[in-house]
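Subject: Structure handover

Hello,

The structure we talked about is below. My notes follow it.

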Amino acid sequence: MSAIAECVVAFIFGSVVGLLVQRSRFCNTAALRDAILFKSYRNTKALLVAMMILTIGFTGFMTLGAGHPLDFDVGANQFVGLFLFGIGMVLAGACTVSTWVKTGEGNVGALWALVCTFIGMFLFSIAWSWNYWPPAPASMTGEPNLPALQLGFANARTLQDKLGIPAIAFGLVQVAVLFGIYRAILRKEMAQHVRHEQAAAADALETPPAEPKVKVLASRRG
Amino acid sequence: MEFFRKTLDPVIALSAIAVLDVFLFLVVGAWTVGGGETMMTGLIAQTFLGDDLRRLPFWSLVFPVHGDYWKIYISLGMLFGAFAGALLSREFYLRIPRRLSEWVLITIGGLLMGVGIRLAFVCNVSTFFGLTPEMNLGGYLAISGIIAGAWVGSMIYKRILEG
């Protein structure tokens with residue numbers, strides 16, 4: 001596929017994603033922050049369902065040798081980098097998706113978050129040019145490199161190649177785990193719902209019943 | 001049109017996005033945002049610095065700057081799709097943070113996101129919609145990191161909210 005065709009496909013994909021995220025108000029930041037702070041799981045459930053579909057789709061096609069999996073080594077930098085990112089997204093109130101979507105809705109704060117993300121990336125490019133860490137994809141070997149805190153390359157396809165078990169089998173195990181988390185959330189929501197109903201019923205018992213309207217009118221007439 | 005009047009269930013929206021993402025995975029690669037943003041950073045920096053930008057090895061070894069990088073167009077597409085959706089549902093209006101504290105938090109948050117993405121070589125989208133569904137070990141490390149970070153961020157946010 002030519003570079004221009006790739007850009008056109010990417011733009012169409014992005015446009016549909018932008019529209020769906022805008023209409024559903026999905027937010028990756030909220031999927032984590034709201035679950036932690038408010039025990040509210042609207043976005044978390046959507047994220048889990050998407051991950052289940054993707055796991056089946058990706059590992060299914062990886063079994064057949066199709067698709068373009070991300071091809072770079074795994075390292076400690078991924079934990080540290082996403083740790084910083086996690087703090088940042090909660091403070092900024094938006095992640096990489098919602099900064100673009102909210103900017104499209106006219107949110108100037110989200111646009112500023114994007115500008116600051118670009119500045120952060122540029123600052124990092126200066127630091128990388130000085131210490132060359134973490135290793136760039138061009139210099140990755142796929143093998144563990146402990147002095148550079150790199151653990152090598154591993155995904156469902158490497159498991160398939162090493163163990164002879166189809167990648168989809170591992171995918172199904174991951175889907176079962178994700179479904180277990182999804183079901184635990186549904187149970188938690190059900191328990192929250194029952195508690196709310198019980199509290200509402202208790203409130204209703206404590207408050208004296210309002211005088212019937214007819215009686216009030218009758219007494220006024222009398 | 002009903003679609004632009006009611007809020008869409010996020011489970012339906014994300015299921016549709018996931019199916020499209022599988023198609024994208026087959027054609028070019030899974031949905032990602034951080035790589036496109038980095039290339040945009042390079043293009044903007046090149047506008048200001050010109051050839052001097054190449055004195056930073058990052059921009060020749062890791063991200064040689066060029067405009068026909070497909071990941072850029074995912075972000076531009078998201079901006080366009082959200083703008084069209086907001087316009088058609090009459091939800092487009094300028095929202096400007098009023099308090100200085102909001103600007104400060106957004107600035108710190110944005111900088112941390114930028115540094116974090118580049119340090120990890122992945123963003124949150126690649127983590128949840130690319131690496132982990134591919135069962136890449138990096139996806140599990142990244143998810144552990146983002147959950148720990150979101151927890152710390154939430155505690156800071158809570159403390160600020162409580163004043």
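A salt bridge here is a side-chain nitrogen of Lys or Arg within 4 Å of a carboxyl oxygen of Asp or Glu. The model is predicted, so local features need pLDDT of at least 70, side-chain atom pairs count only at pLDDT 80 or more, and totals for chains, interfaces and linings use all residues. Residues are numbered from 1 along each chain as its sequence is written, chains are lettered from A and ligands numbered from 1 in the order in which they are written, and side-chain values use heavy atoms, leaving out hydrogens and water.

Over all chains there are 7 salt bridges. One of them pairs Asp52(B) with Arg55(B), at 3.9 Å from N to O. Asp52(B) is partly exposed at 46% relative accessibility, while Arg55(B) is exposed at 67% (buried means under 20% relative accessible area, exposed over 50%, partly exposed in between, with a 1.4 Å probe and protein chains only).

Another salt bridge, 2.7 Å from N to O, is between Glu91(B) and Arg25(A). Glu91(B) lies in the loop between helix 4 (70-88) and helix 5 (100-120) of chain B, and Arg25(A) in the loop between helix 1 and helix 2 (28-37) of chain A, so this pair joins two chains. (Helices are DSSP runs of H or I, at least four residues, numbered from the N terminus.) Glu91(B) is buried, with a relative accessible area of 17%, whereas Arg25(A) is partly exposed at 38%. Both belong to a network of salt bridges that also includes Arg23(A).

Regards
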